[in-house]
Amino acid sequence: MSTTAAGVKTEKETGTLEVRDTRTGATYEMPILPRGTEGDVAVRGMDLRQIKVESGEFGTMSYDPAFMNTASCMSAITYIDGEAGILRYRGYPIEQIAEGSTFLETAWLLRNGELPTRQEYDKWENDIRYHTYVHENIRKFLEGFRYDAHPMSMLCSTVAAMSSFYPDAKDIHDPENRNIQIIRLLAKIPTLAAFAFRHIRGMPFIYPDNDLGYVENFLSMLNRMTEPRYEPRPSFVKALEVLFILHADHEQNASTTAVRAVGSTQVDPFSAIAAGVAALFGPLHGGANEQVLRMIQEIGHVKNVPALIDEVKDGKKRLMGFGHRVYKSYDPRARIVKQLADEVFKETGVDSDLEIALELERIALSDDYFVSRKLYPNVDFYTGLIYRSMGFPTEFFTVLFAVARTAGWLSQWEEMLMDKEQKIARPRQIYIGHGERKYASLL
Ligand code: CMC
């Protein structure tokens, strides 16, 4: 075993790949990188550069739009086996973490690689409780948004704006400084999210109550009215805690890749995390939970499900909440969310939307279109239904995802900074535009 710059334990090199160029007849040997813990194998893209016909040529690149088969980093944080439906944080199966951990313990684990001791946990939790307040100008800034602004736009802008309140955050190479910015981000993002929620509802902002736990305080800032202390339903606290854990990290997804790419410019973490929020907003990523509910409401009745399935099969629509770039079997998070949904619905009651969702799932799991493409429900399929039964408006669902994913983004950002192999992210392109031509004005 050896350890890479990212702290990853790997086996010794496994051999070489021999490539023959039919244009020149030349053969090249490329070392196969040491296997990852679970046997992942790769060659270095840069090793292709030596393959050329003329010595003055640039050399061969790898072409991989959407990074379908490109490992952009070595990471020791999260492991996914998409074929087997496995997700682990730092080696711990997601099912066990969801069952026994808290969101803040999970955030510590993701960042530090090991579970915290009691003393470490208490300090971590206390530090995060202490930093929940935001500058009053943030509040004024939020008030400038229109009543119908999307809360993800509000969250993205306020997270970015925070870098102007903490100019010291640009000192990213100082571990103590990084630590305080990570604590600030984890502590303040629920406050920003809750302020955005109150704004779209036209309700007065509720300041953090630092005597409450992370999730309880968040629910208090969202829902408290005149009562001196908000007492959330224990089942809602439990559900949100588990949903936050499930959403905390998911290795190199689009938003994490955005955070790493923007962070690789050595910008401050608030700016890098704002990039993650922006990427998560998209309907193919975190925005899917919102789209699932809109789709279900558009279907309107179980009897209309087959018509929608036909439209999907004709390529006119996508079944939101289905399919995943990595999972080619049941998303393990979806399984946990489905169980959780059953518990929440026992309290809040089942409605016709759930019936529609169950029918969609039933048909999709048995229809050859979905089976042959390995399209299974993903985590977003059921989260929207739970969030709605807990009283969250549809446009707020992705914000809940963003609050939780901040833990993963920050861990991935810090791992990237510690990785000596990482540099500013700068892909290549294959230019297919005009060759050189002479400028002649048409004016
Ligand atoms: N409904 C219908 N067909 C689909 C769907 C879907 N949801 N997803 C993929 N397909 C089809 C697609 O049309 C293609 O068919 P064909 O081979 O005939 O052209 C095939 O399946 C492969 O699709 P792809 O677009 O190459 O797959 P991808 O890995 O690039 O996309 C995805 C992954 C998540 C973007 C996609 O499955 C999708 O758009 N799903 C709906 C949106 C969604 O639920 N997103 C949340 C993902 S999980 C949480 C998160 O990451 O934020």
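**Ligand shell, surface patch and a buried serine**

A backbone N or O atom of Gly286 lies 3.3 Å from an oxygen atom of the ligand. The model is a predicted one. In Gly321, a backbone N or O atom is 2.8 Å from a ligand oxygen atom. For Phe322, a polar backbone atom lies 2.9 Å from a nitrogen atom of the ligand. The ligand on its own exposes 940 Å², and 73% of that is buried by the protein.

The shell around the ligand holds 19 residues, of which His285, Arg318, Leu319, Gly321 and Arg325 come nearest. By residue class, the shell consists of nine nonpolar, six polar and four charged residues.

Elsewhere, the surface carries a nonpolar patch of about 580 Å², made by Phe58, Met61, Tyr63, Ile430 and Ile432. One of these residues, Tyr63, sits in the loop that runs between strand E4 (27-32) and strand E5 (78-81). Tyr63 counts as exposed because its relative accessible area is 65%, and the cut-off for that class is over 50%.

Ser264 is also a loop residue, placed between helix H9 (254-263) and helix H10 (269-281). Is Ser264 buried or exposed? Its relative accessibility is 9%, so Ser264 is classed as buried, the limit being under 20%. A polar atom of the Ser264 side chain lies 2.8 Å from the backbone nitrogen of Ala425.

Conventions: Residues are numbered from 1 along each chain as its sequence is written. This is a predicted model: local features need pLDDT of at least 70, side-chain atom pairs count only at pLDDT 80 or more; totals for chains, interfaces and linings use all residues. Side-chain values use heavy atoms; hydrogens and water are left out. A residue is near a molecule or strand if one of its heavy atoms lies within 4 Å of it. A polar contact is a pair of N or O atoms within 3.5 Å; within protein, one must be able to donate a hydrogen and the other to accept it, and residues adjacent in sequence count only if both atoms are side-chain atoms. Accessible areas come from the Shrake-Rupley method with a 1.4 Å probe; for residues, only the protein chains shown count as cover. Ala, Val, Leu, Ile, Met, Phe, Trp, Tyr, Cys and Pro count as nonpolar, Asp, Glu, Lys and Arg as charged, and the others, Gly among them, as polar. Patches are made of residues with over 30% relative accessible area and no salt bridge: like charges are joined within 9 Å, nonpolar side chains (Val, Leu, Ile, Met, Phe, Trp, Tyr) within 5 Å. A salt bridge is a side-chain nitrogen of Lys or Arg within 4 Å of a carboxyl oxygen of Asp or Glu. Helices (H or I, at least four residues) and strands (E, at least two) are DSSP runs, numbered from the N terminus. Buried means under 20% relative accessible area, exposed over 50%, partly exposed in between (1.4 Å probe, protein chains only).
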